[in-house]
Amino acid sequence: MLACMRYSKLFIPTLRDDPADAEVVSHKLLLRAGYIRRVTSGVYDYLPLGLRVLRKIESVVRDEMNMAGAQELQMPMVQPGELWEKSGRMEKYGPELLRFKDRHGHESCLGPTHEEVICDLVSRELRSYKQLPMNLYQIQNKFRDEIRPRFGLMRGREFIMKDAYSFHADEDCLAAEYKNMFDAYCRIFTRFGLKFRPVEADTGSIGGSDSHEFHVLADSGEDLIAHCGACEYAANVEKAVSNRQAAVADQTELNMVDTPAVTSAEDVADFLSVDIALLLKTMVYRIIGGANDGSIVAVCVRGDDQVQEIKLAHVVGADSVEMATDAEIASIGGVTGFVGPQNLSSRILLDHSLEGATGLAAGANHQDAHVTGLDIARDITSAEFFDLRQTRTGDTCVHCGGDIALSRGIEVGQVFALGTRYTKPMEVLFQDQQGKRSVATMGCYGIGISRLMAAIVEQCNDDAGISWPLTLAPFSVGLISMGKSNAVLEASESIYSRLKEAGIDVLWDDRKERPGVKFKDFELIGLPFQIVVGDRGLNDGQVEAGWRKNERRPVPVADIVSVVMSELQPVEMEN
């Protein structure tokens, strides 16, 4: 994707100050450096520099997908509503699915993903097991009507995504392709030079049995990931499991204690002068969706834990859960602020870390009162135990006993083993080796192309601006003319032409600006390699050249192209 440009002719509207509405580093820098501009909430223009980076990201993704055996196609962004009705997701997907009707009254939606469309296509063309396996992918704009778009490209409404879909005759074949795509994703993110981590993940609204997310590690990440310091285990906290020893205290007699206006776990622990781990925290939820829609359930965790609501939703077979109202809490025998597990009329779910716990304090289901000396086995006979809490730092790994730590990550890719979640309702059938009609099994694999651009900036920046990896920079070389003399302009023109002939992407700053302005702009936009042409150096037949983060060194004008090629080539080969 060779391109050489003069700065004076290129559309790069840089900004001197951080935009007021930009919160994270990538949002600030991509706006300031002239890569993107906001159109409306969660929707952005990609300016020439931004588009060049996107195309380079796409090129690496295409290369690895093609080498992994996938085939590229293009599907429509506008999708017929009847396909989503057939899969059962038209209502289940929720308000993020933007629905509309055309002039004929036909309901359609803007595609947030393409499981329905690809299944419809394959169902009409698939005949025999001999056509399987197949893996089809596209790189395309998606739209999800996010309730709160934020952080620039990190969570937008319209975004660019690579989505792939594989079809198989059996589960073993799907498992093999899942690993193939997992490995391809590892190669992609390695080629970008990123610090990343694949983690076990919840399947979310997509569904299926198994899933892994790929996270670029960054403090600004929205996702929290748990990982073991002694083995390879890593998972999103929505999925992560870990061990914690049950809290045990000597007190065994059950007593009621007055706790006037003391409701939070921290305040109760202080009031009773006990460790917060000896508190039993009871949360009451309403179930949304599923067979138990509308039911109320009480959930208990240690006072120093949090309920992981996605885990809870899976346990109760719900689409989601919501905190119960005061009236709903009262309907099961609870008192808001003083809820405890005893004598509730609802289902009572306890986290595994409470098994065997004794001497606990809990709400008494009386105003301004708690109980102490609670024994789980003795006092809560109707309890059911599940993994319900959110893993946290200091927990023990279930696989090796090592210590669990937490890190922030930006999800940039995810792979799913979907099974027949979509192929069955969408009737993706084929004739198997025994001559019988069988349902194909399916996987899907996504990479957020535009989000990836932001994630890379989150890792690759400094106080002066963006610091692109060579393989992704919009131009490999920045050529800066210092001064207005004929000698400087002629030498710059010559170097620019020679670099262009050598097949090197170069941006030549030919503007009539002060040196400080030019240097600040080039630091901001983040080109990896710089060449500076000035009168002082030319008097000795030299220019200055070097990597953005290092000091430039004198190089003879005659040797500059060969020096640049020798510097760039090893880095390009590493990637």
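**View 1. Helix α6 and the elements that cover its buried side.** Cover for the buried residues of α6 comes from elements that include β14 (255-258), β15 (279-288), β19 (360-363) and β20 (369-374); contact here means heavy atoms within 4.5 Å. Helices (H or I, at least four residues) and strands (E, at least two) are DSSP runs, numbered from the N terminus. In this helix, residues 265-272, the buried positions are Ala265, Val268, Ala269 and Leu272. Looking down the axis of α6, you will find these buried residues within an arc of 100°, so they line one face of the helix; the arc is taken from the directions from the helix axis to the C-beta atoms. As a reminder, an α-helix has 3.6 residues a turn, so residues three or four places apart point the same way. Serine 273 follows α6 and has a positive phi, near 60°.

**View 2. The protein chain as a whole.** This is a predicted model, in which local features need pLDDT of at least 70 and side-chain atom pairs count only at pLDDT 80 or more, while totals for chains, interfaces and linings use all residues. Residues are numbered from 1 along each chain as its sequence is written, and side-chain values use heavy atoms, with hydrogens and water left out. The protein chain holds 14 helices and 32 strands, and its C-alpha trace spans about 95 × 70 × 50 Å along the principal axes. Of its 575 residues, 53% count as buried (under 20% relative accessible area, with exposed over 50% and partly exposed in between; 1.4 Å probe, protein chains only).

View 3. For α1 (residues 25-32), 6 of the 8 residues are buried, so the helix is largely enclosed by the rest of the structure. Those buried residues are Ser26, His27, Leu29, Leu30, Leu31 and Arg32. Their cover includes β2 (36-40), β3 (43-46), α10 (449-459) and α12 (515-525).

**View 4. Where α1 meets α10.** The two helices, α1 and α10, pack at an angle of about 100°, with their axes 8 Å apart. That makes α1 roughly perpendicular to α10, a label used for 65 to 115 degrees; angles under 35 count as roughly parallel, over 145 as roughly antiparallel and the rest as oblique. Axes are lines fitted to C-alpha atoms, for helices over the stretch in contact, and angles run from 0 to 180 degrees between N-to-C directions. On the α1 side, Val25, Ser26, Leu29 and Leu30 meet Ala454, Val457 and Glu458 of α10.

View 5. Strands β28 (residues 477-482) and β30 (residues 529-534) run parallel and are joined by 6 bridges, and serine 481 stands opposite valine 533 in β30.

Notes: Pairing = 2+ DSSP bridges.
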